Amino acid sequence: MSISLALFSPPTQPPLLFPSSPSKPHLTLIPHLSLRPSKFHTTTKASAENGAGTSPSAAAALEIQPDQKVAETPKQVVQKDERSVGANGSAGAVETEEDKVLSQFVDPKWLGGTWDLSQFRKDGKTDWDAVIDAEARRRKWLEGNPETSSNDAPIVFDTSIIPWWAWIKRFHLPEAELLNGRAAMIGFFMAYLVDSLTGVGLVDQMGNFFCKTLLFIAVVGVLLIRKNEDLENLKKLLDETTFYDKQWQATWQDEKPGSSKN
Amino acid sequence: MASMYLKSFVGLRQQVSTEKPHYFFTSQSQTKPPRKLKLQVFASKSSPRLTNRNLRVAVIGGGPAGGAAAETLAKGGIETYLIERKMDNCKPCGGAIPLCMVGEFDLPLDIIDRRVTKMKMISPSNVAVDIGQTLKPHEYIGMVRREVLDAYLRERAKDNGAEVINGLFLKMDVPKDGVSPYVLHYNGFDGKAGGVGEKRTLEVDAVIGADGANSRVAKAIDAGDYDYAIAFQERIKIPDDKMAYYEDLAEMYVGDDVSPDFYGWVFPKCDHVAVGTGTVTHKGDIKKFQLATRKRAKDKILGGKIIRVEAHPIPEHPRPRRLLGRVALVGDAAGYVTKCSGEGIYFAAKSGRMCAEAIVEGSENGKRMVDERDLRKYLEKWDKTYWPTYKVLDVLQKVFYRSNPAREAFVEMCADEYVQKMTFDSYLYKTVAPGNPLQDLKLAVNTIGSLVRANALKKEMDKLSV
């Protein structure tokens, strides 16, 4: 039972990403393993004996599924159940139950509070994309299931260990391609339009100050306004920068020069 | 960077600055000896000399602001009345004071329960960063009990000649001219606990409103409202072995679960910890945020018992009007709480002192009547001295408390030694030090890098949920 449950993808990823894993009968459990803890109560009954039997410790979870790349959802589900019951039971007092508080995010590649880069090797080099994916999954998991920060297992992962070119290759380049494409389209069209209207060729256009200004505006526009909402966002940002100043100035607007009223 | 902000601020002011010495003697019709460096753009009114008595000033509110103001006034020879409604008030408060306050206000060291020399910042994904390695051995953040600090400052004011009145300020009658007194109406308690107290009045020439976030003096002068945050705090007594961890360490938790626009904290107090959080925009969810804060700190406060629950408002920005006639607001009543850290004690005490100093100077040690211009000097000095601090913290809050990726970047940046040094230097000594430009540049690049990485990860995270 535990092994088949372990083949499930974590609740954050839909089954589509792991087409090879679960067999039909187990698929029914997937929708229950949502990010909302309330749903866990119903599904944990089945695996209750599974979790209760083993002591709630991260080591035990790791032993059972050493090859799994994904987080141990069934174990975590059970522990969450115990904890929420405890919380409901103790009114006014902070958790007084004896069970050890431990991290629910468990992953074989997550060692000592950071990603173990040696497990991410591909073709003799570190697969940075996989590290980025793993960290994104971890953060997503924690966003939905915030857990206690622990002194025994401090988290020391720093995103700067992933080299700058890995970030650029993955995130900046596709966006850059998009923006450059937009700029090129706008540029070509405007150059053609101006040429047809005024007869000034592309090279001569570049010499004109007005055209240079338009070019600057076009580039800035492409960079700043990428989605429709960006226009509103930019206006709000501008207001924000001066809002605090205005609040501080308010008392000075009060004072009228030449006033002798006391 | 600080000077750039300062220039823009000065330019917006309507009153001309008092620093330019060539405007020294432009005031006309002065029948008395020229006042110190007073720039007059408009016709001055000669302030009458007080006969047979000293200037009377009432300070409403006996917290750090009121206590500091009353002490300075009394020392300056002014007849001072300090009106406080509850002498043993335990104001719910983080209780952190910077190092400079101990020196500037001559606080005895036994007032300080704990010296915090380490802080832990914990990001939404529980990345924990320790800050404080750059602190020198004599530097610390002092944790105090408000009832102890407030009582000490009040006692000192009393020792210097201020009359401390146990009473609840109700309202005040504003005079029509510049010489008649303000009439304060209050309920005097006479030291009797409970009971309604009897209605009394007091005539004074000037009033300092130091009565906190829900200031009645502010209402009396129509000072306007401010946005405020609700800070909710639970005092938890935890087992000794867990308390040892918090011996000299305070924690800050950031994350959407803990607060959408502020942070959750665990601050050590005398023999227990205060676990709390705050918010401006989602006040209704404060209980939820508190539960989340407790959950994030669970491992470290396991087995603790809640001994007290408290909440209080924290102003987010100054009131639209901080001064009217001969009434000035200081401290929380004026709204002098910084953004980002929510620090208010030091600024309350300092503003109380500054306002009192302006009154003492303007009245020439109590010999003359004061007018609005004298009190305005305090506002000028205050804004000039502390505007950079407030603005920088505002920018930090806007940039780093925006979203979870921004908070992750914030915690990552805190790991940098230069950041720690700059942060502590500016916090402990209340100056915005310029720092090394090369390091600043490196810091800027690293900050942008952190923000970009965190936001990129957030984009990945959003893709996962789809």
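Predicted model: local features only at pLDDT ≥ 70, side-chain atom pairs only at ≥ 80, totals over all residues.
Chain B holds an open sheet of eight strands, and their pairing is mixed. Reading across it, the order is S10-S9-S8-S2-S1-S11-S18-S17. Strand S10 (198-204) and strand S17 (323-324) form the edges, each pairing on one side only.

Now for the backbone. Most residues other than glycine have a negative phi. Two residues of chain B are worth a look with that in mind: B:Asn126 has a positive phi although it is not a glycine, and B:Lys430 also has a positive phi without being a glycine. The table sets out their values.

| Residue | Phi | Relative accessible area |
|---|---|---|
| B:Asn126 | about 65° | 3% |
| B:Lys430 | about 55° | 7% |

Where do you find B:Asn126 in chain B? This residue lies in the loop that links strand S5 (118-122) to strand S6 (128-131). B:Lys430, for its part, sits in the loop between helix H13 (417-429) and helix H14 (437-465) of chain B.

Why does B:Asn126 count as buried? Its relative accessible area is 3%, and buried means under 20%. B:Lys430 is buried too, because its relative accessible area of 7% is under 20%.

Note on methods. Residues numbered from 1 in each chain as written. Chains lettered and ligands numbered in written order. Heavy atoms only, no water. Helix = DSSP H or I, 4+ residues; strand = E, 2+ residues; numbered from the N terminus. Buried < 20%, exposed > 50% of the residue type's maximum accessible area, 1.4 Å probe, protein only. Pairing = 2+ DSSP bridges.
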